[in-house]
Amino acid sequence: MGTYITRRLLQSIIVILGVTLLAFFSLHLGGDPTYLYVSERASEQEIIETRQKLGFDRPLHEQYLSFVVGLARLDLGDSLRARKPALDLVFERLPATLELTLFAMILSTLIALPIGIIAAMRRGSPLDGGIMLVAMFGQSVPGFWLGLMLILSVGLGLRWLPISGHVPVLQPLFTGDFAAAIGNVPEAIRHLIMPGLTIGVFSLSRNARLVRSSMLEVLSQDYVTTARSKGLAERVVITRHALRNALLPVVTLLGLEFGFLLSGVVVTETVFSWPGVGRLVFNAINQRDIPLVLASVVSFSFLFIILNLIVDVLYVQLDPRIRLK
């Protein structure tokens with residue numbers, strides 16, 4: 001196991017370098033970013049001095065190599081706008097994004113599992129048809145449209161939930177203020193429900209359909225028929241024999257799920273004015289703040305890789321027939 005984890009971490013370095021390479025050169029496709037940091041009336045000498053000061057006068061490959069060397073030292077440079085270390089700015093916003101992403105993942109998993117199982121057990125019934133119809137709608141609706149509809153109906157119309165704002169839980173938890181973290185939970189959940197649904201509805205719908213199809217396949221296996229023929233209660237057959245095997249494809253998908261949800265936070269955080277990394281990236285892209293965008297990309301890539309590694313290990317624990325090679 002240790003060898004496998006070490007090999008995966010080494011492979012992860014190559015993945016992160018590949019991601020940063022694509023992001024770095026993509027950000028420079030728009031031309032010389034120096035002009036974004038000088039006034040329209042700046043003289044040619046001022047433009048040259050600014051270009052040299054920001055390091056944009058060097059060839060792109062030299063700039064990228066400098067970035068890689070800085071990455072090895074966990075120094076990703078300063079934000080060109082905020083004049084602060086880019087990685088510090090990402091870490092300041094990361095707890096809010098993690099709260100939103102984890103909430104969406106937990107919400108989608110907790111809802112998808114039972115309704116997927118119920119749909120499989122009631123196969124062909126009106127309840128099964130209704131669940132699948134809602135799941136298809138959830139996969140079809142655009143996230144930004146759903147977010148706006150929730151704001152208009154639940155937030156502004158019914159006034160049940162706040163349409164913006166953020167109550168921190170992870171931030172006080174990281175600083176050791178457990179009382180504040182626990183005290184903030186109820187209000188934090190109220191602020192998380194609408195953006196969490198917006199970002200997680202696609203995953204919820206997809207997971208529900210996946211659980212249903214996986215359960216149907218498992219329920220048709222001989223060992224399940226044998227368990228039923230022994231007179232075991234249906235609840236026991238489902239929980240002890242069918243559910244564990246049915247969860248294998250769902251667990252595999254959860255690792256990718258986190259990356260998918262992270263990719264959706266840019267739009268969702270902008271719609272709900274959520275103070276996370278997604279909104280930070282959105283503003284940084286608009287401002288061509290290259291160090292800040294790269295710091296965000298590296299952080300997201302690292303989180304995605306670590307979670308996939310955890311999922312791989314968990315997958316082996318769920319199915320001992322699988323061995324890591």
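Biologist: Roughly how many helical turns separate Glu187 and Arg190 in helix H8?
Modeller: Quick caveats: this is a predicted model, where local features need pLDDT of at least 70, side-chain atom pairs count only at pLDDT 80 or more, and totals for chains, interfaces and linings use all residues. Numbering starts from 1 along each chain as its sequence is written, and side-chain values use heavy atoms, with hydrogens and water left out. Helices (H or I, at least four residues) and strands (E, at least two) are DSSP runs, numbered from the N terminus. Because Glu187 and Arg190 are three residues apart in helix H8, the gap between them is about one helical turn.

Biologist: How far apart are the closest N and O atoms of Glu187 and Arg190?
Modeller: These two form a salt bridge, meaning a side-chain nitrogen of Lys or Arg within 4 Å of a carboxyl oxygen of Asp or Glu. Glu187 is partly exposed at 33% relative accessible area, and Arg190 is partly exposed at 32%. On that scale buried is under 20%, exposed is over 50%, and partly exposed lies in between (1.4 Å probe, protein chains only). For Glu187 and Arg190, the closest N and O atoms are 3.0 Å apart.

Biologist: Which salt bridge has both partners buried?
Modeller: The structure holds three salt bridges. In the Arg228–Glu234 one, with N and O 2.6 Å apart, Arg228 is partly exposed at 35% and Glu234 is partly exposed at 32%.

Biologist: What is the volume of the largest pocket?
Modeller: Pockets here come from a 1 Å grid over the protein atoms alone: a pocket is an open set of points with protein on both sides within 12 Å along at least five of seven lines, a cavity is a set where a 1.4 Å probe fits but cannot get out, and lining residues have an atom within 4 Å of a point. Grid points are joined across faces, edges and corners, and the volume is the space filled by probe spheres set on the points. The largest pocket is lined by 22 residues, with Leu54, Leu76, Gly77, Asp78 and Pro291 nearest its centre. Its volume is about 550 Å³.

Biologist: Which element gives the most to the lining of the largest pocket?
Modeller: Helix H2 (44–54), H3 and helix H13 (290–318) are the elements giving two or more residues to the lining of the largest pocket. With four residues, the top contributor to that lining is H3.

Biologist: What is the phi of Leu74?
Modeller: Most residues other than glycine have a negative phi. Leu74 sits in the loop between helix H3 (60–72) and helix H4 (86–121), and counts as exposed because its relative accessibility is 63%. The phi of Leu74 is positive, near 60 degrees.

Biologist: Which helix gives the largest share of the nonpolar patch?
Modeller: The patch covers about 830 Å² and includes Phe137, Trp145, Leu148 and Val267. Trp145, in helix H6, counts as partly exposed because its relative accessibility is 39%. Patches use residues with over 30% relative accessible area and no salt bridge, joining like charges within 9 Å and nonpolar side chains (Val, Leu, Ile, Met, Phe, Trp, Tyr) within 5 Å, with areas from the Shrake-Rupley method, a 1.4 Å probe and, for residues, only the protein chains shown as cover. Six residues, the largest share, come from helix H6.
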